[in-house]
Amino acid sequence: MAFSFPDRTPVPPRLMAHPARLVPAIFLLAILLGTALLMLPLASADGTGTGFLTALFTATSAVCVTGLIVVDTATHWSGFGRVVILLLFQLGGFGIMSGATLLGLLVARRLRLGTRLVAQAETRGLALGDISAVLRLVLATTLAVEAVVALALAWRLRAALGLGWADAAWHGLFHAVSAFNNAGFSTFSDSLVRFSQDPLVLGPVAAAVVIGGIGCPVLFDLRRDLRNPARWTLHTKLTLLGTAILLPAGFVAVLGYEWTNPATLGALPPADRLSNAAFHSVMLRSAGFNALDVGQMRDETLAVSYALMLIGGGSAGTAGGIKVTTFILLGLVVWAVARGEPDTAAFGRRVPHEVQRQALSVVLLAVGLAGLATLALLSLTDLPLRDVIFEAVSATATVGMSTGVTPDLPPAAQAVIVVLMFIGRVGSITVATALALRGRQSPYRYPEERPIVG
């Protein structure tokens, strides 16, 4: 069943002219509301209230499902405060999945009618359609995955930590919601380090991260035609291909560089080294949890982490980064150029030149933003370059992983991170949407001249 978006649906002219403004406005409103709630004395464990910058940083990190923190979630916030944080990253994750999907449909709606019909006939994918059906799909997937993972974690935490059912259920629910939304918040001060040798905790968390980060259009395709990959859309095929390449690549890199590091994998039995390398590779998609001390990792591992964090997960999912499809698409462009092919194609489909230009723009903007942020943080702190780059990329890609320097950042640097998290969360969606909606045919073309490249 394909979604159908009636052409005569009334849409406010200003929203249609600039639809990319809607998502940032909603996220900003949620951040401000969350900041106000977290500043209340009721939200802090000691009842004295929390300063504006700390509350703003935490609310932004939660709504933008990042996971970077300047105060310990387990000890600084009261039960009310942690519930607020949970609701914020739940709303943020649901909003980014539904908002990104609907904006993607809106982009397709602005195409010419003939182009839309051809695309729908060829792909048979998530077509423009009933908005309520899209929202129901996102909501049903979110609640189903979170419920299953919460039950699995509650059962395991009760056995592993000797908790009562109420406490085990709370910790299980918090981590299930945080994992599915790729938020990275934890009710334990050491994140998941204490469970580094417990695959019954790491496994469900990793599964929720992958499902949440893969994206709504892919989930729709898999639900409809799980046994018939030929019917999947090109987007789904590229996302799954990229995931199948990047997750093992991250696993091999972490395993190889950290195998003998006594501060990370080297201290674990061989079987746990394998499971922790796999878990860390998944977390680099955009999840932010850590079962190993990231600050003790070797420079080579951090260098690989920069790249994997910047790529992120799937489009219209809870993961951040430039997105897997963008990365794979640019790889296909390079491959086509190397072979001298006039078109970029994959799985029997040709990728339009305007989509290639949009992908290149998204990547350059993300790299430029991370580079400027790195310079800003270097000028505001005395931290080593490796920690600064890691922090900047983690915030830009809304990963939430840190080498442990976030709480020590001065106020000005914390403000930089807040801006990075906000732009990193809503920027890739709104920029891609704006670029797509600005596509137009020029009535004239300049004479052609080839500059020297390379």
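**Figure 1. Packing of helices α14 and α15 in a predicted model.** Helix α14 (residues 324-339) and helix α15 (residues 353-380) have axes that come within 10 Å and cross at roughly 120 degrees. Helices here are DSSP runs (H or I, at least four residues; strands are E, at least two), numbered from the N terminus. Axes are lines fitted to C-alpha atoms, for helices over the stretch in contact, and angles run from 0 to 180 degrees between N-to-C directions. The crossing is left-handed (the near helix is turned anticlockwise from the far one by less than a right angle; clockwise is right-handed). T326, L329, L330 and V333 of α14 meet V355, Q356, A359, L360 and V363 of α15, where contact means heavy atoms within 4.5 Å. Seven of these contact residues are nonpolar, two are polar and none is charged (Ala, Val, Leu, Ile, Met, Phe, Trp, Tyr, Cys and Pro count as nonpolar, Asp, Glu, Lys and Arg as charged, and the others, Gly among them, as polar). Residues are numbered from 1 along each chain as its sequence is written. Local features of this predicted model need pLDDT of at least 70, side-chain atom pairs count only at pLDDT 80 or more, totals for chains, interfaces and linings use all residues, and side-chain values use heavy atoms, with hydrogens and water left out.

**Figure 2. Packing of helices α10 and α11.** Helix α10 (residues 216-225) packs against helix α11 (residues 234-258) at an angle of about 105 degrees, with the axes 9 Å apart. The two helices are therefore roughly perpendicular. On α10 the contact involves P217, V218, D221 and L222, and on α11 it involves H235, T236, T239 and L240. Four of the contact residues are nonpolar, three polar and one charged.

**Figure 3. Crossing of helices α11 and α12.** The axes of α11 and helix α12 (residues 270-283) come within 8 Å and cross at roughly 130 degrees. The pair is therefore oblique, and the crossing is right-handed. L246, L247, G250, F251, V254 and L255 of α11 touch R273, L274, A277, A278, H280, S281 and V282 of α12.

**Figure 4. The largest cavity.** The whole structure holds one cavity of 30 Å³ or more, and the largest cavity has a volume of about 70 Å³. The lining consists of L246, L247, S281, L284, R285, L308, I311 and G312. On a 1 Å grid over the protein atoms alone, a cavity is a set of points where a 1.4 Å probe fits but cannot get out, and lining residues have an atom within 4 Å of a point. Grid points are joined across faces, edges and corners, and a volume is the space filled by probe spheres set on the points.

Methods
Angles under 35 degrees count as roughly parallel, over 145 as roughly antiparallel, 65 to 115 as roughly perpendicular and the rest as oblique. On a 1 Å grid over the protein atoms alone, a cavity is a set of points where a 1.4 Å probe fits but cannot get out, and a pocket is an open set with protein on both sides within 12 Å along at least five of seven lines; lining residues have an atom within 4 Å of a point.
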